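Hi,

Here is the structure I said I would pass on. Have a look at it first, and then read on for what turned up.

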Amino acid sequence: MTRETTMHRLIRRRPLLAAPALLAPLPLAAQTAFSRPIRLIIPWAPGGTTDILGRIVAEPLGQALGQPVLVENRTGASGNIGSDAVAKAVPDGQTLLFGSMSTHAMNHALMRSMPFDGVADFTPLAMLGFAINTMVVHPSVPAQTVPEFIAYVRANPDKLAYASAGPGSTNHLCAALFENMTGVRMVHVPYRGGQPAVTDTVGGQTQLFFSAATQTMPHVEGGRLRLLAVTEATRWSRRPNVPTVGESVPGYEMAVWYGAFGPKGMDPALQQRLNAELNRILMTPAVKERLEGMGVEMAPESTDAFGQRVRTDAEKWGALIRRLGIEAS
């Protein structure tokens, strides 16, 4: 082989030798860049807590990411339609979901068929907050505390009625868990939504209701309902004198959380960037004050901690729902 032939072949091979460099990981800035407006899907109708959360966060998140964040309500099937749209989206960060405990930790057990896996088909991005959840009774109930309430119901099995927004709702599951852990027996009265449920509890047709503070506190402050406890693991910062149910029933907890998700398979650098931006935005004084005024408490978490919370709650609530034979309405 001549020297000229050898040199000619080496020259021809240079582009091939250089080609693998094109497959090297992109710099962080390129990996986390956004090329067009970001879709933020809310799987419920406008006006709910998740929708309000999304609209509060959208503008500052868009400013941080360099692209507008467009809120899109895709409702139906107890949050499954909008959630499924995100589960099947390209995992490039351009389509995000603000979901909740119900879509990711309960629906899989409540429904006979699911279009997605609430744990495996999503990338956990950030914990958005907890909706303070209350245990309230009608003033006719002669109980001022949770232990007094338990004693009263034990003395009157199957006589006290509790309201819910329907089978499988968080109201229903709160009461079902309470019955399961205390051994008391009550009558479940399901309604088509939280508003008629709280209305009938105020009217005395039902005597117990577990629901968000935003729904119950106006009636508590007006003397129409009595607040016994909150259902989270820790006390409500704005009413620290109110105990948790778990202080009287060890291990009891219903923390109604909201979280941000992307499709599974998102780049870890992008996942961490969105976590950092969302945590920062949620803890800015203006956003924090507005959300806490709605009864939503901030609890920033890492992506790993939030992912573990979703897995733990899916196992916990799935087991309870199946054990009690509860199905969504």
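This is a predicted model: local features need pLDDT of at least 70, side-chain atom pairs count only at pLDDT 80 or more; totals for chains, interfaces and linings use all residues.

Let's start with the largest pocket, which has a volume of about 1000 Å³. It is lined by 35 residues, and those closest to its centre are Trp44, Ser102, Ala165, Ser169 and Thr170. Several elements give two or more residues to this lining: helices H3 (49–65), H5 (101–110), H7 (170–182), H8 (194–203) and H9 (213–221), plus strands S8 (208–212) and S10 (256–263). H5 gives the most, with five residues. If you sort the lining of the largest pocket by class, you get 15 nonpolar residues, 19 polar ones and one charged.

The second largest pocket comes in at about 170 Å³. Of the 13 residues lining it, Phe130, Glu232, Ala233, Thr234 and Glu297 are the closest to its centre. Here the classes split into seven nonpolar, one polar and five charged.

**A cavity**

The structure also holds one cavity of 30 Å³ or more. The volume of this largest cavity is about 40 Å³. The residues around it are Thr49, Ala131, Ile132, Ala212, Ala213, Thr214, Met294, Gly295 and Val296. Six of these lining residues are nonpolar and three are polar, with no charged residues.

**Strand S8**

How much of S8 is buried? Four of its five residues are, so the strand is largely enclosed by the rest of the structure.

S8 pairs with two other strands that I'd point out. Strand S5 (residues 133–137) runs antiparallel to S8, and five bridges join the two. Within that pairing, Val137 has Leu208 of S8 as its bridge partner. Strand S6 (residues 161–164) pairs with S8 in the parallel sense, over two bridges. Leu208 turns up again here, as the residue in S8 that Tyr162 stands opposite.

**Strand S10**

Strand S3 (residues 95–100) is antiparallel to S10, with four bridges between them, and Leu97 has Phe261 as its bridge partner in S10. Strand S4 (residues 122–131) is antiparallel to S10 as well, this time with eight bridges. In S10, Gly262 is the residue opposite Thr123.

**Aromatic rings**

Across the whole structure, a search finds seven aromatic pairs. One of them is Phe178 with Phe210, a tilted pair at 6.1 Å centre to centre and 50° between the planes. It links distant parts of the chain, because Phe178 sits in helix H7 and Phe210 in strand S8, 32 residues apart.

Tyr252 is buried, with a relative accessible area of 3%.

Ring pairs link Phe116, Phe122, Trp257, Phe261 and Phe306.

**A polar contact**

Last stop is Thr303, which belongs to helix H12 (residues 303–324). Its relative accessible area is 5%, so Thr303 counts as buried. The side chain of Thr303 makes a polar contact with the side chain of Gln272, at 2.9 Å.

That's everything on my list. Over to you!

Note on methods
Residues are numbered from 1 along each chain as its sequence is written. Side-chain values use heavy atoms; hydrogens and water are left out. On a 1 Å grid over the protein atoms alone, a cavity is a set of points where a 1.4 Å probe fits but cannot get out, and a pocket is an open set with protein on both sides within 12 Å along at least five of seven lines; lining residues have an atom within 4 Å of a point. Grid points are joined across faces, edges and corners, and a volume is the space filled by probe spheres set on the points. Ala, Val, Leu, Ile, Met, Phe, Trp, Tyr, Cys and Pro count as nonpolar, Asp, Glu, Lys and Arg as charged, and the others, Gly among them, as polar. Buried means under 20% relative accessible area, exposed over 50%, partly exposed in between (1.4 Å probe, protein chains only). Two strands pair if DSSP finds at least two bridges between them. Rings of Phe, Tyr and Trp (its six-membered ring) pair if their centres lie within 6.5 Å; planes under 30 degrees apart count as stacked, over 60 as edge-to-face and the rest as tilted. A polar contact is a pair of N or O atoms within 3.5 Å; within protein, one must be able to donate a hydrogen and the other to accept it, and residues adjacent in sequence count only if both atoms are side-chain atoms.
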